[in-house]
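Here is a friendly briefing to read beside the sequence and the 3D view. Take a moment to look over both before you start.

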Amino acid sequence: MSVLMKRDKELKHCNNCGAPVTTEICPYCHAATGISTWQADMEYPVIDCKEVNIGFWTVWFPMIFAVTFSFFGIVFPIITILIDFSYKFPIILACSIFALVGIVSFIIGIKPLIRYLIVKTKGKLIEGTIYGYIDDGIILNGVPAQTVKILVNTNDGPKFILYQLGDIKQPYKINSKINLKVYKDIFLIDKEKNDFFS
């Protein structure tokens, strides 16, 4: 993920208490300041986050590709070879790319499921605070997916994670609390513990 940079040097004040602010949440009254995450200072370090997203774009869409391309890359050539053995080598060469795309798509689709099982069985429950959203580099139907900036407490003090939602929605309010499960660097927003998830 790219490092967030402060784009606007103009001094801003908290709408609630009037204090000068450079972050999305006022350090004095803890109210949302309205500052965009793109403009905010990164007041704490960012730690690596391998997020868990089980959804259409993250799991089912790659799996559709995996099944389709695997069929044309593996099953279809076998059937064709059985019908006409003389086409054996041209078909294998032509369909190998389909098989490769199918395998890569399967790996992409299975990775979130593996992470989900790991963090669900071995992870511990922690609380985080929603600081803001930034556009992800992934485009879904012409709209950028969202990455949510979450403040979590670690053994080394407070730190941020940038959690890719795999969706275009911004389902959490700024300055709201959220429950996550964490195992090493794998994070899962625990939807069962967050009844404000939409």
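The second largest pocket draws at least two lining residues from each of helix H1 (56–83), helix H2 (88–122) and strand E4. H2 gives the largest share, 4 residues. This is a predicted model, where local features need pLDDT of at least 70, side-chain atom pairs count only at pLDDT 80 or more, and totals for chains, interfaces and linings use all residues. Residues are numbered from 1 along each chain as its sequence is written, and side-chain values use heavy atoms, leaving out hydrogens and water.

**The pocket**
- On a 1 Å grid over the protein atoms alone, a pocket is an open set of points where a 1.4 Å probe fits, with protein on both sides within 12 Å along at least five of seven lines; lining residues have an atom within 4 Å of a point.
- Among its 14 lining residues, Asn-53, Thr-58, Pro-112, Ile-138 and Gln-164 lie nearest the centre.

**The sheet**
- Helices (H or I, at least four residues) and strands (E, at least two) are DSSP runs, numbered from the N terminus, and two strands pair if DSSP finds at least two bridges between them.
- An open sheet with mixed pairing is formed by 6 strands in the order E3-E8-E7-E4-E5-E6.
- Strands E3 (50–51) and E6 (157–164) stand at the edges with a single partner strand each, so one side of each has no neighbour in the sheet.

**Strand partners**
- E4 and E5 run antiparallel, joined by 9 bridges, and they form a hairpin with 2 residues between them.
- Asn-141, in that turn, has a positive phi of about 55°.
- E5 (residues 143–154) also runs antiparallel to E6, with 8 bridges; there, Thr-147 has Gln-164 as its bridge partner.
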